[in-house]
Amino acid sequence: MEVISFVALAAGLIIGLGAVGACIGIGIMGSKYLESAARQPELMGELQTKMFLLAGLIDAAFIIGTGIALWFATANPFLGQIAQAVAAAAK
C-alpha cells in the first residue's frame with residue numbers, strides 16, 4: 001500500500017474528527033448558554049461575550065488542525081524518511 005494513501009487517510013481523520021468535536025462542543029455550549037440565559041436573563045450580555053469567546057477558541061483549534069492536516073497532505077516533511085525506510089526494507 002502506498003504511503004501517500006496513509007497520509008490522505010490521516011489528514012481526513014484529523015479534519016473529520018476535529019469537525020465532529022467542534023460541532024459537538026459548540027452545540028453543548030450553545031444549549032448551556034440558552035439554559036443559563038433563561039434562568040438569569042440579567043446576565044445575558046456577560047454570558048454572550050463569554051460564549052462567543054469560547055466559540056472562537058473552539059473554532060480556532062479546529063482550523064489549526066485543518067491547517068496542519070492540509071500541510072501534511074501537500075508538503076509532508078516525513079515523506080522522505082518514510083520513502084527511505086520503505087526502500088531499505090525492500091532491499
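Reply: Start with contact: heavy atoms within 4.5 Å. Residues 24 or more positions apart make up 70% of the chain's contacts with a separation of 6 or more. This is a predicted model, where local features need pLDDT of at least 70, side-chain atom pairs count only at pLDDT 80 or more, and totals for chains, interfaces and linings use all residues. Residues are numbered from 1 along each chain as its sequence is written, and side-chain values use heavy atoms, with hydrogens and water left out.

Me: Why does Leu13 count as partly exposed?
Reply: Buried means under 20% relative accessible area, exposed means over 50%, and partly exposed lies in between (1.4 Å probe, protein chains only). Leu13 has 46% relative accessibility, so Leu13 is partly exposed. Leu13 sits in helix H1, residues 3-39; helices are DSSP runs of H or I, at least four residues, numbered from the N terminus.

Me: What makes up the largest nonpolar core?
Reply: A nonpolar core is a set of buried Ala, Val, Leu, Ile, Met, Phe, Trp, Tyr and Cys residues joined through side-chain atoms within 4.5 Å. Here the largest has 5 residues: Met29, Tyr33, Ala37, Met51 and Ala55. H1 and helix H2 (44-74) each give two or more. H1 has the largest share, 3 residues. Leaving aside residues up to four places away in sequence, Ala55 touches Ile26 and Met29.

Me: How does the radius of gyration of the chain compare with that of a compact globule?
Reply: The radius is taken over C-alpha atoms, and the globule rule is 2.2 Å times the number of residues to the power 0.38. For 91 residues, a compact globule would be near 12 Å, but the chain has 20 Å.
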